[in-house]
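I set out to record what I looked up in this model.

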Amino acid sequence: MIPLDWHEVEELELGELDGAPTDGVVRRVHDDSRDARPGDLFVALNTGVRFVDEARARGAATLVPRDQETALATLASVVRERSDAQVVAVVGSVGKTTTKDVLAALCNAVTPTVAADASRNNELGLPLTVLTLQPETRVLVTEMGMRGLGQVAELCAVARPTLALVTSIGPEHLELVGTVEDVARANAEAIESLPPGGTAVVPGGEPLLDPFLRDDIVVRRFDAGSVAREAGAWRFDVGGTDVRLELPFVQRHLAGNVLAALTAYDALGLPLDRASEGAAEIRLSRWRGEAHELPGGGLVVNDAYNANPVSMRAALVDLDERAAGRRRVAVLGEMAELGDESARYHSEIAVLLRELGIELVVAVGERAQAYLDGAPDGVAVADAAAFADVLDVLRPGDVVLVKASRAVGLEGIPALIEKHSQAWHES
């Protein structure tokens with residue numbers, strides 16, 4: 001972190017401070033008492049007040065904030081003011097974390113880069129990410145979640161992005177914002193926060209973002225549908241430059257995220273001829289299209305981190321493409337926070353399942369039962385725990401997709417399937 005003087009932190013009057021560093025300098029701010037050491041400022045978030053003594057025993061200074069969001073935002077704003085790094089705000093309805101992960105890998109291969117860990121994209125995670133800025137950092141890649149109008153603007157006030165990357169616009173959090181038009185408006189707050197001369201990287205052919213593309217910023221567009229796979233490598237058109245990369249995944253929709261990241265990478269002035277160096281280091285966050293081979297020639301794809309109509313459709317199309325003649329099984333939970341249109345969106349996925357001819361659908365939870373409408377073969381279970389009771393519907397050689405909104409908690413199901421498959425193989 002860019003160091004802060006202890007007396008400066010005291011003057012911010014953020015709450016109860018204790019244990020000033022011996023040299024009067026704070027070199028790291030975080031919320032993990034287990035990793036505390038001299039020179040740190042441990043901020044007690046949520047139940048973290050129980051671990052203040054532990055952090056102090058490890059040599060860290062401590063802060064019990066009066067208001068945790070305000071405290072973190074204030075500290076992060078001070079650090080951000082002292083950095084001349086280019087700051088990327090990744091927003092959008094689908095693919096934020098994957099795009100962030102890819103962009104961070106691309107940038108880090110050629111310039112000092114720090115990035116958000118996993119999905120730290122809210123009022124606590126975003127400032128904690130900004131607080132990792134180092135004096136030598138040239139690029140900071142942040143992710144910003146949208147859970148209502150005004151939230152992205154508040155996060156941007158802390159991060160002060162110079163480049164806004166919008167991955168996509170689609171139905172998400174409709175219970176909070178109401179319409180897809182307002183989804184666009186909420187995500188476009190990242191564009192509105194840009195300074196003159198800043199850059200907006202946006203999906204081509206998305207008219208809902210057009211009203212927010214000002215004349216005093218640079219606009220770069222990408223077409224996620226243009227990516228192609230040739231001889232085991234992916235081919236991308238990045239602003240007229242042909243880029244070919246080998247990637248650690250085969251999903252076409254994830255390759256679309258890579259094109260978005262490449263466009264931002266190029267807009268940052270980084271060398272496209274070195275993109276392969278970063279591509280070799282791409283590591284995606286958990287439960288986002290993780291594919292695991294199964295004994296007997298099967299496959300399970302853990303895409304259980306989240307779901308909305310756009311990502312659900314992309315994952316099902318990918319299931320269909322990669323099955324290559326094997327039986328396709330979709331283990332699906334509900335898509336949450338879709339408001340009054342929830343039933344319609346779930347019914348549209350049922351139509352897609354029928355069109356693709358998915359052989360077996362396992363619906364997890366009450367709302368997910370809509371997926372079974374017209375399915376050739378369907379099984380309904382009450383919740384993720386109940387899936388263990390229907391494992392016998394699977395067969396050796398199945399290709400299985402597991403996907404739902406985060407609240408459904410399906411992330412443990414792929415491990416059950418792997419264990420069950422191993423038992424088949426051993427018997």
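The entries below give my look-ups by topic.

**Basis.** I worked on a predicted model, in which local features need pLDDT of at least 70, side-chain atom pairs count only at pLDDT 80 or more, and totals for chains, interfaces and linings use all residues. Residues are numbered from 1 along each chain as its sequence is written, and side-chain values use heavy atoms, with hydrogens and water left out.

**Overall fold.** I looked up the secondary structure and found 14 helices and 21 strands in the protein. Helices (H or I, at least four residues) and strands (E, at least two) are DSSP runs, numbered from the N terminus. I then checked the radius of gyration, which is taken over C-alpha atoms, against the globule rule of 2.2 Å times the number of residues to the power 0.38. For 427 residues a compact globule would have a value near 22 Å, and the protein, at 23 Å, agrees with this. I noted that the C-alpha trace spans about 70 × 50 × 40 Å along its principal axes.

**Burial.** I recorded that buried residues make up 54% of the 427 residues. Buried means under 20% relative accessible area, exposed over 50%, and partly exposed in between (1.4 Å probe, protein chains only). The areas come from the Shrake-Rupley method.

**Salt bridges.** My search of the whole structure returned 29 salt bridges. The criterion is a side-chain nitrogen of Lys or Arg within 4 Å of a carboxyl oxygen of Asp or Glu.

- Arg-185 pairs with Asp-182, with the closest N and O atoms 3.5 Å apart. Both residues lie in helix α8 (residues 180–187), three residues apart, about one turn of the helix. Arg-185 is partly exposed at 44% relative accessible area, and Asp-182 is also partly exposed, at 22%.
- Asp-320 pairs with Arg-328, with the closest N and O atoms 2.5 Å apart. I found Asp-320 partly exposed at 29%, whereas Arg-328 is buried at 10%.
- Glu-341 and Arg-344 meet through their side chains at 2.5 Å, N to O. Glu-341 is partly exposed at 34%, as is Arg-344 at 38%.
- I also noted a network of salt bridges that links Glu-230, Arg-235, Asp-242 and Arg-244.

**Surface charge.** I asked which residues form a negative surface patch. They are Asp-5, Glu-10, Glu-11 and Glu-13. Patches are made of residues with over 30% relative accessible area and no salt bridge, and like charges are joined within 9 Å. Asp and Glu count as negative, and the place of a charge is taken as CG of Asp or CD of Glu. Glu-13 sits in the loop between α1 (6–11) and β2 (15–18). Glu-13 counts as exposed because its relative accessible area is 59%.

**Single positions.** I returned to Asp-320 and placed it in helix α12 (residues 309–323). Its C-alpha atom is separated by 33 Å from that of Thr-142, 178 residues apart along the chain.

Is Leu-410 buried or exposed? I found Leu-410 buried, at 1% relative accessibility. Leu-410 belongs to the loop between β21 (399–403) and α14 (413–426). From C-alpha to C-alpha, Leu-410 and Leu-259 are 29 Å apart in space and 151 residues apart in sequence.

Technical notes
Patches are made of residues with over 30% relative accessible area and no salt bridge: like charges are joined within 9 Å, nonpolar side chains (Val, Leu, Ile, Met, Phe, Trp, Tyr) within 5 Å. Accessible areas come from the Shrake-Rupley method with a 1.4 Å probe; for residues, only the protein chains shown count as cover.
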